[in-house]
Amino acid sequence: MSLRSNILDLRKRKKEVQMGGGEKAIEKQAKMGKLTARERIISLLDKNSFHEYDLFVEHSAKDFGMESKKLHGDGVIIGTGTIKSKPVCIFAQDFTVAGGSLGLMHARKITKIMDHALKMRVPLIGINDSGGARIQEGVNSLAGYGEIFFRNTLASGVIPQISVILGPCAGGAVYSPALTDFVFVVENISKMFITGPSVIKSVLGEEISMEELGGAKVHAEITGNAHFYAQTEAECFEQIKSLISYIPRSNAKKALSYPAKAPLKGKKVESIVPVDPRIPYDMRDIIKSITDGSDFLEVMEHFAPNIIIGFGRMDGETVGFVANQPMVLAGVLDCDSSDKAARFIRYCDAFNIPIVTLEDMPGYLPGVDQEHAGVIRHGAKILYAYSEATVPKVTVIIRKAYGGGYIAMNSRHLRADFVFAWPTAEIAVMGPEGAANIVFRKEIAEAENPEEMRQEKIQEYKEKFANPYVAAAQGYIDEVIEPKDTRARILHALQVSENKSVFLPNKKHGIPPF
Amino acid sequence: MSEKKELKELVVQGAVYQTKYTKKFEQRTFWEAPDDRLIYSFIPGTIIDIYVKPKQKLIEGEVLLLLEAMKMQNQVRMPFDGEIVKIHVKKDEVIPNRHLMVEIKRK
């Protein structure tokens, strides 16, 4: 054989394997409204940047007639490439090959690229589209999952891990995405659950569709398993590219700097916020009045929207925002919002992203359901996350900052580096209405007209305590600022915090209230 | 302006806030004090057999009925000495979770 014929033979072999499960299966995939694994990788990565490994890997199953079956690439594609010129490691399960089922070699390919990602300190992107464990491979397939979960955990906080759910991801398989930093879902395509509708129906008699049980919207809105929700795969890929631009390659790096931009001249910041703390506004307008180009990549937009988390840039540098949203549930802290914010704070801390906290919240959500759902331990997560975080931490109190929530929202007491307050800020143990009822209980009860007396006392309390100056007098707030100076003050605070270094007691790890 | 219409009230520590609700908040379940004279199903399943009749007097621990769920036959027992007031299920009936099965009263 000549070199030429060897090359032609290689090309032929490659071509055959690259067809995955073959034309019919590819057609079926398209009918489901899904791209193939290869198309997905190519759409997501920079043009011509993808390099594939382990193309010729074959499965090792010997039972149930598997020995005579050929599964191209064993149902998964792995490789490296770039997104916006930044390197990434990627794997994509190929549903056209045996339903993307996970066998031993399939798992080995995934763990190989995971090991690469961790060793090379580059982000890992996993595209999940799999019917689950390959039953014919029995315990070997379980071993495969376990090896993946272990590496997810090992890599957690070292490299960014992104999971993209573009098909079914059921049973044990869901735990790999759950261990990663960001989970992307797409309407009508993503399906995640531990036990499927048929099992639920047979043992519990509850009838539910796959979409209602574990569709994209459910995970974006109800469970909080998903961080980004898109209508189409194309939109999902744009979201991933945007996210990649905000985060560093590993925990040893800072996120890349971009050219500084001024915020768009939209609404004047003073005109956004009503002075009456009981009237809502959209906190995102404040964030956008602060960030470069008014850009803001919101994370978990649809889950617990009473708190907002996400990334923006200030003077070209990535900043993580945590902000109460008065527009939803008055911006209260509750189980879900605490959980959501705490994880994001820990993400930012792990990846050297400074945190800016914008505060406007009346306290914790009252209710038996909240207490019984464990608002104590969930709420504690936020205290833990802020206290433990050593990245620069800046807080701006816009209006209400009452009670335990004030402490939780990156107060001085949890070691905020800078705390600013607008003149509209109210830092108090509780709101004037509640406080007056307790402090002046006797006067109100004994008054000729109790309601009149109540209003009078509320007013009295308001004038004395519903302002930033009591806290400022104690040094709990560093500066009362004019709203228009908010961006400049945060920027300065971040600039002087650039070389922040704090020393925490030496420990193996803490024990956060998971 | 349409946004204004969607606003609802939320009371936190005496103050009434104008705000929107989340779907989860709207669907939250309200707490009811448990009434130990009402025996509810704790799992969806099928009533396999009923061993008691109304007005029958029983002592604590006696089996009232069998509820099969997840391939397990669960014996539902009398929680205290008392009497059967009313039986709300039939043999072979498939019932959901938190379904009222039997009403009883104390001795």
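1. A word on burial before we start: a residue counts as buried if 20 or more other C-beta atoms lie within 10 Å of its own, as exposed if 12 or fewer do, and as partly exposed in between, with C-beta atoms placed from the backbone. By that rule A:R415 is partly exposed, because 14 other C-beta atoms lie within 10 Å. A:R415 sits in the loop between α16 (403-408) and β15 (418-421) of chain A; helices (H or I, at least four residues) and strands (E, at least two) are DSSP runs, numbered from the N terminus. A:R415 is not a glycine, yet its phi is positive, at about 75°.

2. Some ground rules. This is a predicted model, in which local features need pLDDT of at least 70 and side-chain atom pairs count only at pLDDT 80 or more, while totals for chains, interfaces and linings use all residues. Residues are numbered from 1 along each chain as its sequence is written, and chains are lettered from A and ligands numbered from 1 in the order in which they are written.

3. On confidence, the model has ipTM 0.83 and pTM 0.92. Chain B has a mean pLDDT (the predictor's confidence in each residue, from 0 to 100) of 90, with 95% of its residues at 70 or more.

4. Most residues other than glycine have a negative phi. A:D315, which is not a glycine, has a phi near 50°. A:D315 belongs to the loop between β11 (307-314) and β12 (317-324) of chain A, and is partly exposed because 17 other C-beta atoms lie within 10 Å.

5. Which residues of α19(A) are buried? They are A:R454, A:K457, A:I458, A:Y461 and A:F465.

6. Domain 1 puts 10 residues into the contact and domain 2 puts in 13, where two residues are in contact if their C-beta atoms, placed from the backbone, lie within 7 Å. On the domain 1 side, α9 (216-223) and α10 (233-246) each supply at least two residues, and α10(A) gives the most, with 3 residues.

7. Between the chains, the contact takes 23 residues from chain B and 27 from chain A. On the chain B side, β1 (8-12), β2 (15-19) and α2 (23-26) each give two or more residues, and β2(B) gives the most, with 5. That side divides into 13 nonpolar, 6 polar and 4 charged residues; Ala, Val, Leu, Ile, Met, Phe, Trp, Tyr, Cys and Pro count as nonpolar, Asp, Glu, Lys and Arg as charged, and the others, Gly among them, as polar.
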